[in-house]
Amino acid sequence: MIRNQRWFTPWLLVLPAVVWLLVFNIWPSVNTVVLSFTNAKPLGGGKFVGGDNFTRLLDDDQLADALLNSVLYMLVCLPLLTFLPLLLAVLVEKKLPGITFFRTSFYTPVIASAVVVALIWNWLLEDRGLVNGVAQQLGVVDGPIGFLNDRWLLIFSAIGLTVWKGLGYYMIIYLSALGNVGRDLYEAAAVDGAGPVRRFWSITVPGVRNTMLLISVLITVSSLRVFSELYILTNGTGGPGGRDMSVVMLIQMYGRGFSGHLGYASALSILLFLITIGPMLLLLRLNRKGADA
């Protein structure tokens, strides 16, 4: 039966995937590059303006704030979401009474909608929210803490939301990796007198090294592209003076509406791509050096 098949049969099987890739991945990427050299509007094709959009990036104060916010987001989320889920995975991997309940509890935020979770945090952290109400009732503070009104408190509130929601997801990834670490290594180390901390650093961490790299890359990309958390917590305003925007929020602001600046938004998109690819290449290089050492 295989011999009677036409030469183009395999190509017909992969054609839907190829069309999908071209229409929804490659063409939008190429179009973004083309638009970045124009002054295109949503209702017009625009004219070629050369590198004006990229020159404008250097004088955009909002972009400077957005870059600072996104980089800070990455620098804080990267270590927290790389190591805390690993510690949780080591904990819930143990066969203890009631451990199934904790596994479910840690994973519950993952399956909840990011928008719904952000709205709940907004309600908790607002001036008349539960956190401020409890703190004032206990006499910890005299007035409401500006979680959503102070630039830096708002950023770190959004980071806390991201970490809380991502713990369970990365914990599951680590759990699958821990299953491939040989139990005999732990037993041999215990016989040699190695304590729990020593076994963790000498066996667990090297055993999940590749998984840790994967998670680091995922965290880096998602942190630099953060949107939902900051958008919901700031009600779409970007916080006080619009200084709590991420780069993605800035792209959305310039690109939306009938008078949106698609050319400049495309230039911002290319800048975000270059910023995102940099830390990924650095992590891969560090991992290669570690593997060769």
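Predicted model: local features only at pLDDT ≥ 70, side-chain atom pairs only at ≥ 80, totals over all residues.
**The nonpolar core**

The largest nonpolar core comprises 56 residues, and the members that touch the most others are Leu 86, Val 208, Leu 230 and Leu 268. Helix α7, which spans residues 151-178, gives the most to this core, contributing 13 residues. Beyond its neighbours within four places in sequence, Val 208 is in contact with Leu 86, Tyr 174, Ala 177, Leu 178 and Val 181. One of these partners, Leu 86, is itself among the core members that touch the most others.

**Buried positions in helices**

Asp 65 belongs to helix α3, which covers residues 61-93. Its relative accessible area is 15%, so Asp 65 is buried, the cut-off being under 20%. When residues up to four places away in sequence are not counted, Asp 65 touches Arg 151, Arg 243 and Met 245.

Val 110 is part of helix α4, residues 99-111. Val 110 counts as buried because its relative accessibility is 18%. Its contacts, leaving aside neighbours within four places in sequence, are with Lys 165, Gly 168 and Tyr 169.

**An exposed loop residue**

Asn 235 sits in the loop between α11 (228-233) and α12. Its phi is near 55°, a positive value in a residue other than glycine. Most residues other than glycine have a negative phi. Asn 235 counts as exposed because its relative accessibility is 62%, where the cut-off is over 50%.

| Residue | Relative accessibility | Class |
|---|---|---|
| Asp 65 | 15% | buried |
| Val 110 | 18% | buried |
| Asn 235 | 62% | exposed |

**The cavity**

The count of cavities of 30 Å³ or more comes to 1. About 30 Å³ of space lies in the largest cavity. Its lining is formed by Tyr 231, Gly 236, Met 245, Met 249, Gln 252, Met 253 and Arg 256. By class, this lining has 4 nonpolar, 2 polar and 1 charged residues. Helix α12, residues 247-255, provides the largest share of the lining, with 3 residues.

Conventions:
Residues numbered from 1 in each chain as written. Heavy atoms only, no water. Helix = DSSP H or I, 4+ residues; strand = E, 2+ residues; numbered from the N terminus. Buried < 20%, exposed > 50% of the residue type's maximum accessible area, 1.4 Å probe, protein only. Contact = heavy atoms within 4.5 Å. Core = buried A, V, L, I, M, F, W, Y, C linked by side-chain atoms within 4.5 Å. 1 Å grid on protein atoms, 1.4 Å probe; cavity = no way out; pocket = protein on both sides within 12 Å on 5 of 7 lines; lining within 4 Å. Points joined across faces, edges and corners; volume = space filled by probe spheres on them. Nonpolar A, V, L, I, M, F, W, Y, C, P; charged D, E, K, R; others polar.
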